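Student: I should like to work through some helix geometry and packing with the structure at hand. May we begin?

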Amino acid sequence: MIGRWAQRFATAIEHPAAAYAAALGAVALASGLHHAAGFILADPPNFMAFYPAVLFATLVAGLRGGLIATLASVGVVAAPWMDAPNYSQLIFFMVTALTTVVIAKALRLAIVRGIAAEERFRIFQEHGLDAFVILEAVIEDGAVVDFAWVYANPAAEEIAPDGVKGLVGRRVSQAFPGETGAATIARFAAVMTSGGPDDIEVRRVIDGQERYLRSSAVKLEGGVAVSFRDVTAQREAEAAAVRGRDQFRNIANAAPVLIWMSGVDQRANWFNDTWLAFTGRTLEQEQGRGWLENVHPDDREPLLAAYAEHFARRESARLEYRIRRHDGRYRWLDEAAAPAFDSEGAFMGYVGSCVDMTDRRVAETALREGEARVRALVDSLPQLIWSNRADGYCDYLSPQWTAYTGVPAADHYGDGWLEAVHPEDRDGVQQAWAQAVLGGLPYDIEYRIRRHDRVYRWFNGRASAIRDPAGAIHRWFGTSSDITEIVEARADLEVRVAERTRELQQSLEERARAEAALAQAQRLETVGRLTGGVAHDFNNLLTVVIGGLDMILRHPEDTARVRRLGEAALAAGRRGERLTRQLLVFARRQELKLEVVDVHGLIEQVEPLARRVGDESVPLTLSGDPGVGMSRLDPAQFEAALLNLVVNAVDATADRPGASVEIATARRTLAEGEVAGAQAGDHIVVSVTDTGVGMAAETLERAFEPFFTTKEVGKGTGLGLAQVYGFIKQVGGAVTIESELGRGTTVALYLPAAEPEAQAEPPADHVDDDGRAQGARILLVEDDSAVRAVTEGLLADLGCRVASEADGPSALRRLAGPERFDLLISDIVMPGGVNGAELARAARARHPDLPIILTTGYAGDRLHEAPDASSWPVLRKPFRADQLAAAVRGALGDERVGV
């Protein structure tokens with residue numbers, strides 16, 4: 001407390017007026033005390049009360065204040081109202097007072113300096129980065145148990161734990177409970193024992209966070225003074241630097257290149273593992289200038305000079321030099337070095353990486369040599385060689401091009417080369433080249449190029465793109481080869497090929513006609529075998545017809561008998577019609593017309609015809625379920641195929657006692673691949689089995705080949721089984737042959753099963769007259785007078801008006817006349833040079849809306865050869881009244897044309 005008052009008095013000199021007033025006030029107070037002492041003491045001392053005033057004035061106002069106080073005190077003592085002064089005492093007082101002033105002046109100077117030092121200390125502590133605290137020891141039972149803060153600068157307060165507001169007055173155990181506080185107390189107690197100071201780095205957990213503190217403690221009287229700094233960030237930065245260094249070295253050691261580092265003195269201090277493995281030396285051997293031992297002697301001085309130059313400029317370097325590998329061989333290194341700087345920009349040295357470029361230098365040397373060889377080769381080739389940029393711009397033409405065109409290469413750069421191309425070829429060449437450049441496509445085209453003597457010659461231009469690893473076009477290289485002789489030879493060859501092609505076409509047409517004739521012969525062969533049996537059947541039918549008509553004429557009045565005999569004759573005629581159509585279909589070639597039919601029922605219809613192709617001594621049997629099912633096929637073609645198989649079976653059983661032929665039907669469900677050529681699913685199987693001689697394995701392999709036959713010459717064409725195979729393939733089925741010598745043969749046809757289609761109601765035997773034919777004008781053209789008369793009668797029964805002609809030319813003249821007809825009915829096969837198809841075509845040309853019906857007993861190929869035959873309905877002879885009526889009504893439609 002007294003020290004603080006002394007400091008305040010000592011600093012009063014900073015305010016002179018106040019200081020001098022205080023000094024005079026102290027003298028006045030001393031004078032008052034002197035007079036007061038006179039009332040108490042009989043002989044009070046004259047100067048004793050003024051010494052404190054002089055001391056106080058000196059402390060407050062300094063030397064001048066002390067002198068003023070001394071003089072003032074002397075003046076008060078010597079005042080007239082005082083006792084007579086004693087001059088000796090007065091002099092003694094002045095001497096002692098001045099001595100007091102000198103002593104007080106020194107004391108004041110020490111106080112002021114102490115105050116200044118304390119102020120500097122305060123400023124340092126309040127603004128310093130280091131924390132500073134003073135702690136007093138808490139002693140219980142003679143032992144230090146805790147410490148309490150008596151001073152803490154702001155930096156110390158900042159790192160106080162959360163929740164602790166102000167350290168002064170608190171104990172360490174209160175601010176840092178637990179292990180941190182106990183360790184701190186133990187440390188401070190040790191400092192008090194040893195006297196310190198210590199300088200340590202401690203780890204403390206403050207508010208759950210790990211902190212690192214650099215601290216120094218020194219013993220004070222009754223406590224300790226401690227300074228410390230939080231170095232957590234520094235330690236983390238150092239740890240990060242260590243991790244970064246280790247990471248860099250790990251990466252560098254894993255890199256396939258040679259890496260080194262140097263300091264600011266140009267001396268190497270680190271090499272990665274790749275470098276050490278390459279040289280076969282240790283890190284210690286390479287550090288400093290040791291690595292120079294492996295550098296090729298011719299490269300050392302230039303390399304050191306280059307390093308010194310780049311070090312001085314602090315700039316990157318790119319160097320090439322040779323270094324000895326661990327196997328003693330020198331290898332070329334391509335080195336890239338760059339200066340390294342720390343975060344503050346201070347130069348730290350160099351970091352460099354090296355790549356073994358020996359192979360590259362060898363490759364570059366080989367490339368240069370190869371380029372020289374290629375150029376020599378290019379110069380010696382007869383082709384015109386050129387090269388273009390990726391965008392198609394021509395920037396190289398070989399000397400051959402210049403020599404051929406007689407134009408400097410520079411004049412043909414870019415698109416200039418097109419000027420040498422023939423004008424007729426120029427657009428095509430330019431378009432082909434543009435497409436190649438845009439699409440990256442190969443360039444291959446023939447065109448003419450003008451020679452230096454103005455003569456054009458044919459060239460084949462080819463070019464390919466050179467691509468980089470990413471697939472982008474880098475460059476085009478092309479050649480133009482003179483092919484004039486080839487073009488001329490090719491033109492001559494094309495003429496010869498055209499002539500040969502015409503000859504070959506004629507030969508193929510002749511062969512086709514021959515094959516068709518052979519196929520027809522195959523059919524006619526079978527028809528010939530049918531002739532006897534068919535004649536027998538027709539005689540039976542004619543017996544019924546002729547006998548019935550004879551009895552009708554004899555007894556026309558017996559109506560019941562006439563009707564019965566007429567119906568019998570009509571039935572016989574229909575049987576004859578069906579038999580005739582089967583023969584015609586079998587003997588005629590026609591296109592495939594598929595329809596869904598009952599397979600077993602169709603076989604039953606053709607069975608009588610099949611029996612006629614065989615020998616009566618070889619029995620033919622039909623077996624199987626009548627409800628075996630339906631299949632989509634051409635009935636006529638199927639009948640022809642079946643008859644072919646029966647003919648082959650009968651021939652195979654000739655002269656074999658007990659021989660037989662069987663036609664069988666069955667329904668089977670096939671799995672995929674079960675029968676070669678047949679798809680999985682339901683099939684109708686039609687098999688023809690004979691007990692004939694059978695076939696050998698080599699014969700089986702060729703059984704379906706066209707023109708292959710085992711029959712004697714003149715007895716077979718070799719087309720029968722080939723036609724069967726072709727028909728079965730057309731309907732989507734398959735055919736198999738099982739045969740064994742001496743045990744017969746089975747040919748099985750696998751026909752895909754089909755669902756039944758809705759059947760139209762069969763036409764009635766009587767004519768339903770709906771009135772559409774009433775009064776219709778019909779032109780009938782028929783060369784057979786009997787048929788013409790019957791047809792006229794049938795049409796008259798329908799209510800039609802009929803005009804008749806016997807041939808095509810007469811009918812054309814009739815059509816050209818003034819008469820108008822609603823319908824033309826014409827036979828196909830007629831004399832006079834104009835058949836029915838030609839008449840229909842001429843009538844349609846003259847009268848496009850005239851309906852036309854063609855009739856035929858057998859038209860052969862005439863109808864099928866007509867390109868527009870499908871546009872006219874065909875009525876087959878013999879036809880019944882109901883069939884004729886249906887055809888007329890269908891042709892007339894709802895409205896009549898009247899042409």
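This is a predicted model: local features need pLDDT of at least 70, side-chain atom pairs count only at pLDDT 80 or more; totals for chains, interfaces and linings use all residues.

Student: What span should helix H14 have at 1.5 Å a residue, and how far apart are its end C-alpha atoms?
Tutor: Helix H14 covers residues 423-439, which is 17 residues. At 1.5 Å a residue the helix should span 24 Å, and this agrees with its end C-alpha atoms, which are 25 Å apart.

Student: Where do the buried residues of H14 fall when seen down its axis?
Tutor: The buried residues of H14 are Asp425, Val429, Trp433, Ala436 and Val437. An α-helix has 3.6 residues a turn, so residues three or four places apart point the same way. Seen down the axis of H14, the buried residues lie within an arc of 95 degrees, so they line one face of the helix.

Student: Which strands do the buried residues of H14 pack against?
Tutor: Asp427 and Leu438 are exposed on the other side of H14. The partners of the buried residues are strands E11 (384-389), E13 (443-450), E14 (456-467) and E15 (473-482).

Student: Which residue follows H14, and what is its phi?
Tutor: The residue that follows H14 is glycine 440. Its phi is positive, near 65 degrees.

Student: How are helices H22 and H23 oriented relative to each other?
Tutor: H22 (residues 808-816) and H23 (residues 836-846) have axes 10 Å apart and pack at an angle of about 10 degrees. Angles under 35 degrees count as roughly parallel. The two helices, H22 and H23, are therefore roughly parallel.

Student: By class, what residues make up the contact of H22 with H23?
Tutor: H22 contributes Gly808, Ala811, Leu812, Leu815 and Ala816, while H23 contributes Leu839, Ala842, Ala843 and Arg846. By class, the contact has seven nonpolar, one polar and one charged residues.

How values were computed
Residues are numbered from 1 along each chain as its sequence is written. Side-chain values use heavy atoms; hydrogens and water are left out. Axes are lines fitted to C-alpha atoms, for helices over the stretch in contact, and angles run from 0 to 180 degrees between N-to-C directions. Helices (H or I, at least four residues) and strands (E, at least two) are DSSP runs, numbered from the N terminus. Angles under 35 degrees count as roughly parallel, over 145 as roughly antiparallel, 65 to 115 as roughly perpendicular and the rest as oblique. Contact means heavy atoms within 4.5 Å. Ala, Val, Leu, Ile, Met, Phe, Trp, Tyr, Cys and Pro count as nonpolar, Asp, Glu, Lys and Arg as charged, and the others, Gly among them, as polar. The expected span of a helix is 1.5 Å times one less than its number of residues. Buried means under 20% relative accessible area, exposed over 50%, partly exposed in between (1.4 Å probe, protein chains only). The arc is that of the directions from the helix axis to the C-beta atoms.
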